[in-house]
Amino acid sequence: MPELPPAELVFDALKKVVIPSAGAAALALGLFLVLGRWAGALGSGVAVLAGVAFANWQRETPYLPWKPEDTSSLDWLLPTAAVLVAVGLLSRWGGLIVGHSVKKAKWKWMPGAAVWVPRAAAVLLVSGWGIPTATAASEPYLPWVIATGTLLAWTALDGVARAGCSVEVVALLSLTTLCAGGVLLYAQSAKYMEIVTLLAMSLFGVAVVGGVAKANVSGAIPAALGFVPGMLATGQHLTFGKVPVGAFWLVGLAPLALLPFLVPALARRNGWAARLVRLLLVLTPLVAALWLADRHETLAFDI
């Protein structure tokens, strides 16, 4: 069993990380939903970024710079997430406009292209932003791997969300991100763990409000996809723990476990059994990642 953190550290994390990020995200989404549930997609994307930004701002020394100043991977986490959120929303609206304009059956592929061509281009653009400079030089293939995994994950998550399960998807992303923080903590970086937890709690706040309001919160999906790969790449290459590389990859690729739900026969299954299967599919690689990290490294809490 891993060592439990001291109560002082737990209360400090609640005060500085959990409550500010989750609270700000929930409040931001709630304000958008005053306009109506139609604003849920836009509001959820903005709310996740607002939760991370507020929690980052209220710290005496912010973890993330507001404007990238150098090639440090941390400098580019917020811009990466913001670009993917913006492109995700704009492509959604573009697809709807094209879909309403297309009448002939032979052009029915155009709405999908209007959605996914800009998204693929954006993923390719930002896939290297969150990678440490030295790592990018020594592993030039890594941006392509991250881009491929991100695009596949976005496709899987968006497919489940469009079936009416966007709140479930955001909750699963919150769980995934929280486990990413656990792996980073095993890698002996409380700082990286807290940065990722800002995102996890922002996603949690959005999921709670979205669930209560029964709103579409799929706009939050690209924020996590823009944030987590860079943090895991940073943690894998810039920490000094003994956590094996497989633990980082298991967390980063966990959303791909939902790819089977793109199959038409499974795509519209939203009962409790399907939800349980989706939870187990995502949870399995996450548990395996934490188990691997625990086997190779021990937690040490300093007050």
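User: As what does Val245 count, buried, partly exposed or exposed?
Analyst: In this predicted model, local features need pLDDT of at least 70 and side-chain atom pairs pLDDT 80 or more, while totals for chains, interfaces and linings use all residues. Residues are numbered from 1 along each chain as its sequence is written, and side-chain values use heavy atoms, without hydrogens or water. Buried means under 20% relative accessible area and exposed over 50%, with partly exposed in between (1.4 Å probe, protein chains only). Because its relative accessibility is 41%, Val245 counts as partly exposed.

User: Which helix holds Val245?
Analyst: Helices are DSSP runs of H or I with at least four residues, numbered from the N terminus. Val245 belongs to the run of residues 245-252, which is helix α9.

User: As what does Phe32 count, buried, partly exposed or exposed?
Analyst: Phe32 is part of helix α1, residues 7-33. Leaving aside neighbours within four places in sequence, Phe32 is in contact (heavy atoms within 4.5 Å) with Ala39, Leu42, Gly43 and Val46. Because its relative accessibility is 22%, Phe32 counts as partly exposed.

User: What distance separates the C-alpha atoms of Phe32 and Pro132?
Analyst: Phe32 and Pro132 stand 100 residues apart along the chain.

User: Which residues is Thr80 in contact with, leaving aside its neighbours within four places in sequence?
Analyst: Thr80 lies in helix α3, and because its relative accessibility is 4%, Thr80 counts as buried. Beyond its neighbours within four places in sequence, the contacts of Thr80 are Val126, Trp129 and Gly226.

User: Which helices do the buried residues of α4 pack against?
Analyst: Helix α4 covers residues 110-126, and its 17 residues reach 24 Å from first C-alpha to last. Its buried residues are Pro111, Val115, Arg119, Ala122, Val123 and Val126. The helices that these buried residues pack against are α3 (77-101) and α6.

User: Which residues is Leu64 in contact with, leaving aside its neighbours within four places in sequence?
Analyst: Leu64 is among the residues with the most contacts inside the largest nonpolar core. Beyond its neighbours within four places in sequence, Leu64 is in contact with Val52, Asn56, Leu74, Leu77, Leu78, Ile195 and Phe227.

Definitions and conventions. A nonpolar core is a set of buried Ala, Val, Leu, Ile, Met, Phe, Trp, Tyr and Cys residues joined through side-chain atoms within 4.5 Å. Helices (H or I, at least four residues) and strands (E, at least two) are DSSP runs, numbered from the N terminus. The expected span of a helix is 1.5 Å times one less than its number of residues.
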